[in-house]
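Subject: Structure for you to look at

Hello,

Please find the structure below, followed by notes on what was found in it. Keep it open while you read.

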Amino acid sequence: MKQKTIVQGYAIIERKRVGETLVVVGHDPEAADPYVTWKAYKHSGFTSFEMGHYFSTLKGAMIDYYKRLAEVWEFFTPDRPQQPKKPEKPKCGRPEK
């Protein structure tokens with residue numbers, strides 16, 4: 001059985017690592033804002049949780065969790081090459097001179 005991770009009284013209930021960043025959701029039913037999202041980084045061994053966003057509902061925390069994951073994915077995803085544009089056809093239907 002996997003041991004629960006507790007950070008500042010919050011039990012980590014969701015986690016996803018993208019590259020060198022870990023994004024988590026924590027829950028503490030006794031806290032004024034019982035849900036939190038944090039980021040942790042490889043350089044700290046994924047043990048120093050930073051940049052907390054606190055929420056009163058699980059829904060709000062999960063929306064923020066997925067937004068934060070999307071931001072990290074965007075950072076680690078290389079730009080896609082653009083397809084070359086096709087030359088435009090003449091608009092009047094007459095051949096160009």
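**Overall layout**

From the N terminus on, the elements of the protein run β-β-β-β-β-α. That comes to one helix and five strands, where helices (H or I, at least four residues) and strands (E, at least two) are DSSP runs, numbered from the N terminus. This is a predicted model, in which local features need pLDDT of at least 70 and side-chain atom pairs count only at pLDDT 80 or more, while totals for chains, interfaces and linings use all residues. Residues are numbered from 1 along each chain as its sequence is written, and side-chain values use heavy atoms, with hydrogens and water left out.

Of the 97 residues in the protein, 31% are buried; buried means under 20% relative accessible area, exposed over 50%, and partly exposed in between (1.4 Å probe, protein chains only). The protein exposes about 8000 Å², and carbon and sulfur atoms supply 53% of it. Such areas come from the Shrake-Rupley method with a 1.4 Å probe; for residues, only the protein chains shown count as cover.

The five strands form an open sheet in the order 1-2-3-4-5, with antiparallel pairing. Two strands pair if DSSP finds at least two bridges between them. Strand 1 (6-7) and strand 5 (50-55) stand at the edges, each with a single partner strand, so one side of each is left without a neighbour in the sheet. Strand 3 and strand 4 pair in the antiparallel sense over seven bridges. L22 has A40, in strand 4, as its bridge partner.

K39 lies in strand 4 (residues 35-41). Not counting residues up to four places away in sequence, K39 touches several residues, including T21, F49, R68 and E71; contact means heavy atoms within 4.5 Å.

D33 is in the loop between strand 3 (21-27) and strand 4. D33 is partly exposed, with a relative accessible area of 34%. Leaving out residues up to four places away in sequence, D33 touches Y10, Y54, F55 and S56. D33 and S56 are 23 residues apart in sequence and 4.6 Å apart in space, C-alpha to C-alpha.

Regards
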